[in-house]
Amino acid sequence: LGSAFLLEGRFFHGSGYYAFFHLLCAVAGRDPGVVFASNAVLGALAAVAVQPVGRMILDSREAGWMAAIAQACVPPALRLGGSESMFPLATATALMATWAFLAAMRTGCPLRFAISACLAAWSIQVRPEMTLWCVTIALCAPLLPGWYKRLERAAPWISLAGLAGLLVPWILFRIGDASREGLPGFLRLGPVEFAGSFLSSNNLLASPTWIPEVLWILAVAGLLALARRRPRALAPLLGGFLALAWLVIGVDCGFATRMRLQTPLLPFLALAAGAGAARIASMAGPSRRYAVLAAAGAIVIASSMARAPRAAALLNPQREYRFLEKTVPPGSDPGIPEGCVVVTADRFMAGRVISTEFPWWWRPSITWSDLAEDARAKREGDCRVFYMGLSCQSFTYEESRTAPPGGIRRECGAVREIYDLVPIVEESFPNRPDSYLVVVNPEVRLGFYRMIPRTPPQGRRRPGSPAGRRRRRSCAPSRGACGPGSRP
């Protein structure tokens with residue numbers, strides 16, 4: 001969120017997201033609510049875009065509407081719709097790029113080809129995984145009559161060159177980064193691992209906890225119907241799904257990451273389910289066709305809404321944000337005393353695996369390591385407040401085996417060696433993790449604590465003090481020099 005407010009995103013990962021929300025927040029205000037509400041609108045926009053895409057791919061208006069209903073209420077999309085995730089924007093722009101491409105292939109309009117290329121590039125700049133969505137767009141070309149004649153014109157190739165021009169710098173940067181750092185360890189890209197990931201617990205699309213069984217029943221019926229009546233539609237549905245799933249299904253990471261990564265696959269499931277509902281309705285006859293469609297839509301909505309409480313469940317990060325939202329903004333009661341310097345844990349810990357999140361757009365803060373560098377915070381008369389947040393209680397799986405007593409990271413526990421921490425405001429809630437990180441305690445305790453310096457024993461410097469880590473140079477007045485070998 002902070003990167004969206006200040007436009008500090010990294011070029012190869014999320015720059016389209018940061019640019020979009022930076023402009024929006026510059027107009028509407030630097031408030032997280034702007035991002036949350038906008039993502040809800042983008043989730044609805046994705047459902048709207050599914051309708052014309054489904055109509056043109058499946059050659060059925062009813063199938064398009066049923067796909068839009070499924071996309072609008074599927075639980076994973078609902079959960080991310082009101083979050084800060086990048087994927088609502090990435091998915092919506094990818095669907096609009098597909099819509100523009102299909103319209104361009106139907107009419108031959110050069111402007112629509114250009115719009116499709118720009119939207120596809122934007123989607124990829126939001127999330128790099130969306131590069132493989134281009135497979136879906138390419139496989140849509142043979143669906144429309146006379147498609148090969150469209151490719152004889154210059155417009156689609158000029159647009160393709162424009163797309164390549166927008167992406168080549170990003171691709172080169174990404175390749176260079178991968179050659180230096182290697183691929184992320186959570187990716188499982190081998191063919192055997194990829195095939196097995198569809199049956200693993202990592203595949204949320206196969207989990208009835210999140211995906212209503214009726215959607216898969218309708219999706220299978222839709223694929224069978226398309227195989228008989230419109231086999232060309234199987235290429236973008238199955239080929240596009242498998243291409244994108246290669247990067248997002250086989251990830252071996254936490255629940256929240258799997259949820260975000262697998263969200264772009266939901267439109268494929270919705271489109272197949274829409275085809276199945278339309279086929280079942282057509283088999284019922286003209287007089288009962290719309291009644292069957294209405295019943296199918298009602299069943300999809302009801303089965304999805306039955307899972308809405310799970311989609312709205314607050315896990316550790318959401319509970320932490322609620323706590324910060326109540327206590328950090330100026331004027332909060334209870335809250336941080338005015339004029340106090342907020343000190344947080346280091347921005348990154350455990351080799352950059354664990355990150356400390358703090359809403360500095362409401363109140364500035366410094367990290368524990370920066371305390372010695374900040375002259376304002378070092379003054380003895382200053383009020384300092386330490387935030388004991390979720391990152392102080394999070395461990396990697398390997399670290400959790402040797403976690404310190406009390407379940408607080410050593411980086412945060414070092415504060416107690418120098419300061420007495422007097423509670424200002426605290427809150428506890430049951431531990432409900434959403435990631436691969438481990439909280440060893442059965443409950444999470446968040447709080448702000450006034451930092452009261454301890455009086456160190458005479459002749460001893462404070463243990464672990466940031467300032468005390470630098471060895472003092474001795475001065476020898478009798479020799480007129482400070483330190484050995486120095487000049488008078």
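The legends below describe an overview and several close-up views of one predicted chain. Local features in this predicted model need pLDDT of at least 70 and side-chain atom pairs count only at pLDDT 80 or more, whereas totals for chains, interfaces and linings use all residues. Residues are numbered from 1 along each chain as its sequence is written, and side-chain values use heavy atoms, with hydrogens and water left out.

**Figure 1. Overview of the chain.** The chain holds 21 helices and nine strands; these are DSSP runs numbered from the N terminus, with helices being H or I of at least four residues and strands E of at least two. Of its 488 residues, 49% count as buried. Buried means under 20% relative accessible area, exposed over 50%, and partly exposed in between, with a 1.4 Å probe and protein chains only. The chain exposes about 23,900 Å², 60% of which is supplied by carbon and sulfur atoms; the areas come from the Shrake-Rupley method with a 1.4 Å probe, and for residues only the protein chains shown count as cover. Among contacts (heavy atoms within 4.5 Å) with a separation of 6 or more, 74% are between residues 24 or more positions apart.

**Figure 2. Strand 1 and its two partners.** Strand 1 covers residues 341-344; Val-341 and Val-343 point one way from it, Val-342 and Thr-344 point the other way, and all are buried. Strand 1 runs parallel to strand 5 (residues 384-388), joined by three bridges, and Val-343 stands opposite Phe-386 there. Three bridges also join strand 1 to strand 4 (residues 365-367), again in parallel. In that pairing, Thr-344 stands opposite Thr-367. Two strands pair if DSSP finds at least two bridges between them.

Figure 3. Arg-347 forms a salt bridge with Glu-357, with 3.7 Å between the closest N and O atoms. The pair links distant parts of the chain, 10 residues apart: Arg-347 lies in the loop between strand 1 and strand 2 (348-349), and Glu-357 in the loop between strand 3 (354-355) and strand 4. Arg-347 counts as partly exposed because its relative accessibility is 38%. Glu-357 is also partly exposed, at 43%. A salt bridge here is a side-chain nitrogen of Lys or Arg within 4 Å of a carboxyl oxygen of Asp or Glu, and the count by this rule comes to 11.

Figure 4. The side chains of Arg-409 and Glu-411 meet in a salt bridge of 3.1 Å, N to O. Salt bridges that share partners join Glu-399, Arg-409 and Glu-411 into one network. Arg-409 is buried, with a relative accessible area of 3%, while Glu-411 is partly exposed at 30%. Elsewhere, Arg-127 and Glu-129 form a salt bridge of 2.8 Å, N to O, and both residues are buried.

**Figure 5. The largest nonpolar core and the surroundings of Trp-133.** A nonpolar core is a set of buried Ala, Val, Leu, Ile, Met, Phe, Trp, Tyr and Cys residues joined through side-chain atoms within 4.5 Å. The largest has 91 residues, and those with the most contacts inside it include Tyr-17, Ile-57, Trp-133 and Leu-265. Leaving aside neighbours within four places in sequence, Trp-133 is in contact with Ala-94, Leu-95, Thr-98, Leu-244, Pro-264, Pro-267 and Phe-268.

**Figure 6. Thr-93 in helix 6.** Thr-93 is found in helix 6 (residues 87-107). Thr-93 counts as buried because its relative accessibility is 2%. Apart from neighbours within four places in sequence, Thr-93 is in contact with Leu-119, Trp-122 and Ser-123.
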